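Dear colleague,

Please find below the structure that I am handing over to you.

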Amino acid sequence: MRTKSVGKKKINIVTLGCSKNVYDSEVLMGQLQANGKEVVHEDRGDIVVINTCGFIDNAKEESINTILEYVEAKNRGEVEKVFVTGCLSERYKPDLVREIPDVDQYFGTRDLPILLKHLGADYKHELVGERMTTTPKHYAYLKIAEGCDRPCSFCAIPLMRGKNISTPIENLVIEAEKLAKKGVKELILIAQDLTYYGLDLYKKRALGDLLLRLVKVEGIEWIRLHYAFPTGFPEDVLEIIKNEPKVCNYIDIPLQHINSDILKAMKRGTTHEKTNALLDKFREKVPDMAIRTTLIVGFPGETEEKFQEMKEWVRTQRFDRLGCFTYSHEENTTAFVLEDDVPQEVKEARVEEIMELQSQISWEKNQEKIGKTFRCIFDRKEGNYFVGRTEFDSPDVDNTVLVPAENTYLSIGEFADIKITSAEEFDLYGELV
């Protein structure tokens, strides 16, 4: 057993799950730092705070395994205390307290002030926009709202995150200005549903108003939109994407399925026809826009015929970016009363079919880029390549641009014009112009 330090305790924040959790961890770390605490992200520490995900089975399993790993470290004397926060503990706190009692305390998604108290810190209201970012210094997530008012039958997020609460535009502008002063050039706007932004505060969809304020922030060069809900999409946003150079020609719009019966059972508020009409409008208004979507296969009632409808739709729509997931039967969601009637091996085979098809589409689209020049931002150097992205690519989830490092030097976090010389399914290779 190691000797306990009598000095300052180091607090280690461990983040699991999505970019919203990354943001929450950064806010927690900013608060701790402002209280004079020594804080690290996913490093060694005397006290561990695990920010968990509870969205689907795989994420829950990863969160539980991480908790157990740190509880064992605590029992070996390698850490002093283990705290658990985030979606898993919001959703399953009584079960977790019973099953893993060696955790010192469990907190929910909106318990930040209480968690800080247990860490010997006070919640500082004046720290609007102050965060300790964990992403590379040139890009950062900007969470514009918390929670969700949508009724999607498969989704447990409202159970964990509550109703939609938008952050006022003024606060977000302050946050963006502070990030820009730290060297952030790219803002990635996130929420459970970007398109719902402002309805609670301003009695109207105000994403367009927010974008028009953010493009004026000096130092910010790219603004990217993630997680836009298709139903009720505010069309003024398309005009802004088209006319404002700082707003990337990119949108992440999780469509989930295309069969009208499945969409109805999912409570998505749309149909096959309405979805296609929306995509047509996107392409008409912003012809160069890259559209990213995510799909769910194996939802209750998804027959082979309904799956083939989705597969043919993917083939026809030729999305620029696409992710696909197997349906997870989540307790307390309204879909839980439906029979989970698609076998797991069928779900997984359907994911493979969709992703194989998308891989071919992505390869074909990337071939069209050969010989063209794109403005890219460079995130890192990896092996013999500088790794960057075009405005059509979000970090970690989309395509990358690889430039050989032998005879070229590129600054990390800086923009450069790159001519594409060759392409694979998800990687573009290029040279400095």
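This is a predicted model: local features need pLDDT of at least 70, side-chain atom pairs count only at pLDDT 80 or more; totals for chains, interfaces and linings use all residues.

Residues are numbered from 1 along each chain as its sequence is written, and side-chain values use heavy atoms, with hydrogens and water left out.

Five strands form an open sheet with parallel pairing, in the order 2-1-3-4-5. Strand 2 (38–41) and strand 5 are at the edges with a single partner strand each, so one side of each has no neighbour in the sheet. Helices (H or I, at least four residues) and strands (E, at least two) are DSSP runs numbered from the N terminus, and two strands pair if DSSP finds at least two bridges between them.

Strand 4 (residues 81–86) is largely enclosed by the rest of the structure, because five of its six residues are buried (under 20% relative accessible area; exposed is over 50%, partly exposed in between, with a 1.4 Å probe and protein chains only). Six bridges link strand 4 in parallel to strand 3 (residues 47–52); Thr52 has Gly86 as its bridge partner in strand 4. A right-handed β-α-β unit is made by strand 4, helix 3 (residues 87–99) and strand 5.

Helix 2 lies across strands 1, 3 and 4, at about 170° to strand 3 (axes are lines fitted to C-alpha atoms, for helices over the stretch in contact, with angles from 0 to 180 degrees between N-to-C directions).

The annotated positions

UniProt, in an unreviewed entry, places the feature "binding site" at Cys18, Cys53 and Cys87; such annotations may be inferred rather than shown by experiment. They are spread over 70 residues of sequence yet cluster in space, with a largest C-alpha distance of 10.6 Å. Cys18, in the loop between strand 1 and helix 1, is partly exposed at 32% relative accessible area. Cys53, in the loop between strand 3 and helix 2, is buried at 13%. Beyond its neighbours within four places in sequence, the contacts of Cys53 (heavy atoms within 4.5 Å) include Cys87 and Leu88.

Yours sincerely

Methods: A crossover is right-handed if, with the strands pointing away from the viewer, the path from the first strand over the helix to the second runs clockwise.
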